[in-house]
Amino acid sequence: MFKWIKNYWGTIIILLTIIVVYELITDIGQVLEPVLFPGLSKIIPALIKSLPELRNGLISSLGLLIPSYALALILGISLGVTIGWYEPLRKNFSPIFHGLSPIPPTLYIPYAITILPTFWLSSAFIIFIGSFWPILNGTIHGVRLIEDKYLDNARALGLKGIKLLRKIVLPAALPMIFSGAGTALVFSFVLLTVAEMFGAKSGLGHFIQYYADFSEYDKVLAGLIAMSFVIILIMSCYELLKKKMLYWTSKR
């Protein structure tokens, strides 16, 4: 605990400053519109009261996020290594990827709802497609940036084919893969919220949108705080995994 405080004392001070300033301009000073910006005296009780609902929403959100992101991770890395390694594939597919990857995933929403049989699949597809491109592009770049001297040394030791990909190419591309996966993870939270807001009946995004429609902004802000806490927790786990997998970069 002491080590955690020592590492993040700057973050703690910034958060405490934000909380104090917010309290000064809401509950104490009444500077901001009290309906849109309720003070902590209303937000904290709303957060405590909504915990069971938020817990169910979190379970629903993770049930949508995890399989969508996992599928993007599996397909993005496997296709990225294959396409990044074989030049003919990279040469032919790169123009298509350059054309498709910048398209905002939200533009696919009406098509996903029309084509796919359930809302859950439509939402999962939006999260998948938004996560897939950063992982795929990160993996392709990671494979392409491997220096020839490492590959030459590996070939001199008799490594080739799948063994070369598994023992040399994939580990060497890991920093770029993690970079793309991190970007995709952050983006997947944004898309999860969007997906749950346009028609879901559960989830953290639905919780926020539902109470925003009824102007209960103490619960809206409680939902935002809960969602932020979950995102921080998941990103912290991701950073720990990244640090463990990329142990040779941990001192930078």
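How many cavities of 30 Å³ or more does the structure hold? The count is 1. I'll come back to that one. Keep in mind that this is a predicted model.

Let's start with the layout.

Now, the interface. In general, the size of an interface is often given as the accessible area lost when the parts come together. Here, domain 1 and domain 2 bury about 350 Å² between them. Of that area, 57% is on carbon and sulfur atoms.

Which residues of domain 1 lose the most area to domain 2? They are Tyr22, Glu23 and Asp27. Together, these three make up 81% of what the domain 1 side buries.

What about charges and polar groups? Between domain 1 and domain 2, the count is 0 salt bridges. Polar contacts do turn up: 3 residue pairs across the interface.

A general point: rolling a probe the size of a water molecule over the atoms shows where empty space is left. In this model, the largest cavity holds about 80 Å³ of space. What lines the largest cavity? The lining includes Leu58, Ser61, Leu62 and Leu65. Also among the lining residues are Phe189, Leu192, Thr193 and Leu204. Met227, Val230, Ile231 and Ile234 complete the list.

Definitions and conventions: Residues numbered from 1 in each chain as written. Predicted model: local features only at pLDDT ≥ 70, side-chain atom pairs only at ≥ 80, totals over all residues. Heavy atoms only, no water. Buried area = accessible area lost by both parts, 1.4 Å probe. Salt bridge = Lys/Arg side-chain N within 4 Å of Asp/Glu carboxyl O. Polar contact = N/O pair within 3.5 Å; in protein donor to acceptor, adjacent residues only side chain to side chain. 1 Å grid on protein atoms, 1.4 Å probe; cavity = no way out; pocket = protein on both sides within 12 Å on 5 of 7 lines; lining within 4 Å. Points joined across faces, edges and corners; volume = space filled by probe spheres on them.
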